[in-house]
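Hi,

Here is the structure I promised to pass on. My notes on the strands and their packing follow below it.

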Amino acid sequence: KRSVVLGCGSYLPQKVLTNAELAARVDTSDEWIVQRTGIHQRHIAADGEFTSHLAINAARAALEHAGIDAQAIDLIVLATSTPDNTFPATAVAVQHGLGINHGAAFDLQAVCSGFVFALATADNFLRCGAYKRALVIGAETFSRILDWSDRGTCVLFGDGAGAVVLEAQDLPQGQPGLTSDRGILTTHLRSDGRHKAKLFVDGGPSSTQTVGHLRMEGREVFKHAVGMITDVIVDAFKATGVTADDIDWFVPHQANKRIIDASAHKLHIAPQKVVLTVDLHGNTSAASIPLALSVAVKDGRVKKGDLVLFEAMGGGFTWGSALVRW
Ligand code: ACO
């Protein structure tokens, strides 16, 4: 079996926060932010607008794009580090919001790598035959865990959600699954907890009983990012025999334009194949890949049959790649 992508969709909160508006709050400037990150603006969830609300809107858009009814979904994997509550999983709120009460729904936490981890998890459940159709969602309200007085972090992140619909489809009899067949070709996940103090939230139910704020050693993250990203993409190339030239679209986690450019350069992926939305969305953590993907699908860049490469790296550290024939 193969997990084939039937459709994708996304949702961004209405409110846009520009660099100029941020510069009125903390000691920063549009020039500094753009030069270091490529970010011009980010979206911020309204009061009372939770991660589950963003996720439900993205899921509805993905279902509509896929042309299937919510009742056809029997698995929901929601990647988030900003759940509505400590428990239950935000995924069950999404399940309920979509009017589904069969199958399974759970959250997955791998910070900015969450979407790739969730995609790999759903892919394995579908390929083994446990479920038939999955919603894989990345949804975040990072604005709620930012220290708005810390200019080193508050300028980087935004809120949003994106989703894809996957369906388990049988491969032609006797065919091992070629890279030309549609679907998820390979996924590769990694983590290394030695780096856990370089990017974390300083609170939690078991330690402080508070929600806490995001803390980051930006330079340290930057230092490791490109190497980790390129390593795990090389794993995907080795597993499939695909090369950088075969890639039609590179849809990376949107943390920082400099990290994306350096990774594409190191891998010899042409700049015109890189989908970039960090300028308009900021870093939306687990939501950034499906948000970028939805933009590129909607504007006609990503077409059926294209070879699409995803990668992400984030807190933990965690990192991963996925290669998909769209
Ligand atoms: N505006 C103006 N000045 C700032 C700002 C700001 N928003 N933030 C920091 N500075 C200052 C610092 O205080 C420092 O000043 P000093 O020299 O007087 O002490 C100076 O700028 C340099 O600070 P650095 O942190 O060394 O700046 P750097 O060039 O490393 O850029 C950045 C910081 C953009 C965070 C960079 O390290 C980076 O991109 N790191 C990757 C982090 C990332 O993308 N994290 C996302 C989560 S992980 C992921 O998704 C992959």
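**Strand pairing and packing**

Strand β6 (residues 133-141) pairs with β7 in the antiparallel sense, over nine bridges. Before going further: this is a predicted model.

Within that pairing, Val136 faces Val164 of β7. β7 itself spans residues 159-169. Most of β7 is covered, with ten of its eleven residues buried.

β7 also pairs with strand β1 (residues 2-11). The sense is antiparallel, and there are nine bridges. Here Ser10 stands opposite Gly162 of β7.

Now the open sheet. Four strands form it, in the order β8-β13-β12-β11. Its pairing is mixed. The edges are β8 (183-191) and β11 (249-252), each of which pairs on one side only. On average, neighbouring strands in this sheet are turned by 10° against each other, direction ignored.

Look at β8 and its partner next. β8 pairs with strand β13 (residues 318-325) in the antiparallel sense, and eight bridges join them. His188 is found opposite Ser321 in β13.

A helix goes with this sheet. Helix α7 (residues 218-240) packs on the sheet and touches β8, β12 (307-314) and β13. The direction of α7 makes about 40° with that of β13.

Best wishes

Methods:
Residues numbered from 1 in each chain as written. Predicted model: local features only at pLDDT ≥ 70, side-chain atom pairs only at ≥ 80, totals over all residues. Pairing = 2+ DSSP bridges. Helix = DSSP H or I, 4+ residues; strand = E, 2+ residues; numbered from the N terminus. Axes fitted to C-alpha atoms, helices over the stretch in contact; angles between N-to-C directions. Contact = placed C-beta atoms within 7 Å. Buried ≥ 20, exposed ≤ 12 C-beta atoms within 10 Å, placed from the backbone.
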